[in-house]
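Please keep the sequence and the model side by side while reading.

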Amino acid sequence: MTKKITFHGIVQGIGFRPSALHIAKDLGVKGQVKNSGGSVELIIQSDKQALDEFVRRLIAMFDIKKYEMQSMDEKDFDDFKIVHSEKDTCTPYLTPDLATCRDCENEMADKANRRYHHPFISCINCGPRYTIMNTLPYDRENTAMSVFDICTGCKDEYTNAMNRRCHAQTIACHACGPETNISIDTAAEILKQGKILAIKDIGGYHLACRTDCANAVNTIRQLKGRETKPFAVMFSSIGEIEKYCKVNEQEKALLLSPARPIVLLEKIRDFDKCVCGDSDYIGAFLPCNPIQIMILAEISPLVMTSANISGEPITIDDQKIQKFAVDVLSHNREILTPIDDSIVFVNAGRTQFVRRARGYVPLAIETDVKAKQDTLCLGGDLKAVFGFHRDNHVFLSQYFGDLDNPDTFKSYKDNIKRFAALHGFKAEKVAADMHPGYYSTNLYTGALKIQHHKAHAASVIAEHKLKGDVLCFSFDGTGYGDDGAIWGSEVFLFSQNQFTRVKHLEYTKMPASDEISKNARLALDCYLGGNALIDSAVKNDINTILSSSMGRLFDAVCSLLDIKHYNSYEGECACALERAAKKAKKAYMLTPSFHPVKILSEIKAAIGKASVQELALGFHMLICDLICIQAEKYKKLYSVNQIALSGGVFNNRIITASTILTLEEKGFSVYINEKVPCGDGGIALGQAYIAGLED
């Protein structure tokens, strides 16, 4: 019998067609396989038993979303072949960039192998995917590899059904692949000399230097305009990471995963303060591509940070990198989509994203709300991420940064067009944050405006496919509220597909300027007074706005305890407050209250009676208590047993872990963001969910 089978899912760029060929040879199945836009189409000629086994093996090997099978008129096939691809209109599930696999690493280290020390070694199981795709289907002529003609040796491997590089679109070798401008040995020597090296990787340039060379590290800080924010560190192996950090099995699995994210790990040994600052954590990661692997084999560990001035997009242009005036290791394979390193951490046994980018984008997130039309979800202006919602899947972009930078905004807009073209999406409907001043909000006229904190809450409901009533806590620094105030400590009851705001911190008048999010002392003065200028502005309503921000309360407590008074980067004071709380052996118990002035006044009165660390931990426990009190209240009133936590505050390990533990002990089911960041990088998912409910 002859059957046509169409597979949908993550089926391109991961060796699906070669695998189908291998299985067909093994089972004696005849027919053909080809990419067809975003799907893979097979025609199979076999008996029923072989056909069923063929399909079973493919489903077991790959992330198949669905497949269709239909009978065809009998055809006469001599064998099983991979045939030329064609386009179709199916939704494509594209493959992210994959770290160099163990087989390729072994070949690269083997002096007898023809790809020994080849900087672009890859196979069907690894290498760049998303960043080099120009269009679909995923064939060499549609990628940045199209300009490199395959040599005879590579062609033999490409056409050999039993070879690991059969139909590997990134196949190359020393004779026919991309080339670097300097050798790996030269690059390693530059770093050994204590110099800075700009390295062109898969998604953009990194700036690298030795961790033990303070002059080089501080020079990178000057070049990037990055005063104190910790740098990520690349290590050569898990063993080397374990000399500096605690690493549990879950963290080890993340470090070694094909995504190769930066994993925030607790320090047990530190570098010079200029590398990670005062942080209790090291952003550690392993090499993800051949160039990095070979360099780190020669010198490790290295500071490895994106080559961009803070606030600007990551550099992919070979000419623009010259502005840093440092040595450069470049190559002649074009980067079509810029993408940064992903950042994750493990807390309370759950993986949380700080940044979702390389290795994860553009993987889709499945929800139980179906979009009736393609919906472009613009996210917000901070930590900008957009997404497209089609059917039951939300396809999220990489992280871009803050859109108030013109170059970042341009990159964001350009990539909306590119992302749509690559996937075949159309912005038939648009959802945006309701902040009237956001660049993203004003990009499209007629967009559906969705409240920021409701989108945070919805992102948790969406990724966990929650049913029934949910009590949602959205705590962060800022978001435009339904009433025109600045929200940030919102408690919502989600019932019958509607969000009802049931609690928040008591409003406080604050200056309507960006300075309030940076100056912690200014925030404290807004709550407790004592600053004549602020007091006058508040009294006379001069350029002020009402705020229920939880982020500003964290800043104020940090300043009140004289820990830190200014955020040189977002969340710096909150991190410092958490760091102080971690050092406490016990918490100074504070009275749970949604009145910021009462909270701060009680802390102020306790200064001298308890240590700064005890008061810092006491404040953290107070936030946990506030959540638990509300949870028990709504369980008693409406039998609500599901709790959703979202917003940047839940990057705080103490609050998140303590809240989860306490609520679970009380019988609640607690959900946090585990597929997107809890911060603003996740709100496009929430926008998609809410917009889908309104279809």
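Aspartate 280 sits in the loop that runs between helix 9 (273-276) and strand 10 (281-285), where helices (H or I, at least four residues) and strands (E, at least two) are DSSP runs numbered from the N terminus. The model is predicted, so that local features need pLDDT of at least 70 and side-chain atom pairs count only at pLDDT 80 or more, whereas totals for chains, interfaces and linings use all residues. Residues are numbered from 1 along each chain as its sequence is written, and side-chain values use heavy atoms, with hydrogens and water left out.

**Aspartate 280**
- Aspartate 280 is partly exposed, at a relative accessible area of 22% (buried is under 20%, exposed over 50%, partly exposed in between, with a 1.4 Å probe and protein chains only).
- Apart from neighbours within four places in sequence, aspartate 280 is in contact (heavy atoms within 4.5 Å) with Leu265, Glu266, Lys267, Arg579 and Lys582.

**Cysteines**
- The count of disulfides is zero, a disulfide being a pair of cysteine sulfur atoms within 2.5 Å.
- Cysteine 101 is in no disulfide, and the nearest cysteine sulfur, that of cysteine 123, lies 3.6 Å away, which is too far for a bond.
- Cysteine 101 is buried at a relative accessible area of 15%, and cysteine 123 is buried at 0%.

**Helices 13 and 15**
- Residues of helix 13, including Leu524 and Tyr527, meet residues of helix 15, among them Leu553 and Ala556.
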